[in-house]
Amino acid sequence: MALHEGEIAVDEAMVRALLAVQRPEWAGLSLSWVGAGSENTMYRLGDELLVRLPRTVEKGAALRKEHEWLPRLAPSLSYAVPTPVHAGTPTGAYPARWSVYRWIDGAEAGPDSVRDWAAFGTDLAAVVRELHGVGLMGAVRADDLSWYRGGSLRECDDWVGEYLADCRRIEGAELDVDTLERLWRAALALPDPHGPHVWLHGDLRPTNLLVQRGRLHAVIDFGALSVGHPDAEHAVLWDLPPEARQAYWDAMGLDDPTWIRARAWAIAVGVAGVAYYWETFPAFVAQCLARLRAILADAATR
């Protein structure tokens, strides 16, 4: 089902046609669909490669960013990240950029793959500290490295308010929207974050965290890579069990204002996901609802 206006239909035949023209040496390799998110569709190519195809032309811009910056960031990171091996160019049939990466073995972070959630939270904190500690190499918060999640909550108030109102009207959402709005407003009352800008992954959801032998192994999908303040990076915590959240908090040493702003970013992304994808992407809506309910449960105990 299409999720966005102007979405490009993709199937195996189209992928093979793209490969035949641009990388014919790969055209005969096995090809299998391995998943689709809100922005990309993925196919495994042979044993060692992954093809990633954006759903719309606009979302293809993120791949150019990955090709430019991931090879420069990877030497400073101790965990695995995608290695771009081909920058696909648009065609008449598929008018967006597309990309091929080295395949990374691993399972998405979840109850079937993570052995110890407290250890996972500690590992995730180490990943975030490491990325945020990499020098900017001349990068600044501008153009495609400027994204809303690295900026000010106040700049998002209008659209977050609209999505909160939408969530109130959705039958079956079963959310305490009044409390979510109160938590959002509490963050807006705080000063904006200060301090230097850092590299941000931008979307550290469990689906972008790969696990091997029970431990965090790789971080994938850097399409939201940006430069900015780090508060929104911590929003992933409410996608994880409480023991991972607490271990992350302890390892990072976050102060209360940062925690409150991070929670507000989690609310913003969660209500947007519920409202925007309610009719089209039930699996993603379920993830967003789980996040929002975790926020509510966590807030009730603090």
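What volume does the largest cavity have? The largest cavity has a volume of about 100 Å³. The model is predicted, so local features need pLDDT of at least 70 and side-chain atom pairs count only at pLDDT 80 or more, while totals for chains, interfaces and linings use all residues. Residues are numbered from 1 along each chain as its sequence is written, and side-chain values use heavy atoms, with hydrogens and water left out.

**Cavities and pockets**

Grid points are joined across faces, edges and corners, and a volume is the space filled by probe spheres set on the points. By this rule there are 3 cavities of 30 Å³ or more.

| Space | Volume | Lining by class |
|---|---|---|
| Largest pocket | about 1400 Å³ | 25 nonpolar, 12 polar, 12 charged residues |
| Second largest pocket | about 390 Å³ | 12 nonpolar, 3 polar, 4 charged residues |
| Largest cavity | about 100 Å³ | 6 nonpolar, 1 polar, 5 charged residues |
| Second largest cavity | about 50 Å³ | 7 nonpolar, 1 polar, 4 charged residues |

In these classes Ala, Val, Leu, Ile, Met, Phe, Trp, Tyr, Cys and Pro count as nonpolar, Asp, Glu, Lys and Arg as charged, and the others, Gly among them, as polar.

The largest pocket is lined by 49 residues, and Gly37, Ser38, Asp203, Arg205 and Asp221 are the closest to its centre. Helix 7 gives the most to this lining, with 5 residues. For the second largest pocket, helix 8 (residues 282–301) supplies the largest share of the lining, 6 residues. Its centre has Ala109, Pro206, Asp239, Gln287 and Ala290 nearest, out of 19 lining residues.

Asp203 and Arg205 also line the largest cavity, as do Arg149, Glu233 and Arg291, among others. Trp265 is one of the residues lining the largest cavity, and Trp265 is also in the lining of the second largest cavity, together with residues including Ala187 and Arg261. Helix 5 and helix 7 are the elements that give two or more residues to the lining of the second largest cavity.

**Helix packing**

Helices (H or I, at least four residues) are DSSP runs, numbered from the N terminus. Axes are lines fitted to C-alpha atoms over the stretch in contact, and angles run from 0 to 180 degrees between N-to-C directions.

Helix 5 (residues 177–188) and helix 7 (residues 256–277) cross at roughly 135°, and their axes come within 8 Å. That makes helix 5 oblique to helix 7; angles under 35 degrees count as roughly parallel, over 145 as roughly antiparallel, 65 to 115 as roughly perpendicular and the rest as oblique. In the contact (heavy atoms within 4.5 Å), residues including Leu183, Trp184 and Ala187 of helix 5 meet residues including Arg261, Ala264 and Ile267 of helix 7.

Helix 7 also packs with helix 4 (residues 157–169), at an angle of about 55° and with the axes 9 Å apart. This makes helix 4 oblique to helix 7. Their contact divides into 11 nonpolar, no polar and 1 charged residues.

Helix 3 (residues 117–133) and helix 6 (residues 242–252) have axes 7 Å apart, at an angle of about 40°. Helix 3 is therefore oblique to helix 6. Trp117, Gly121 and Arg129 of helix 3 and Glu243, Ala247 and Tyr248 of helix 6 are among the contact residues.

Conventions. 1 Å grid on protein atoms, 1.4 Å probe; cavity = no way out; pocket = protein on both sides within 12 Å on 5 of 7 lines; lining within 4 Å.
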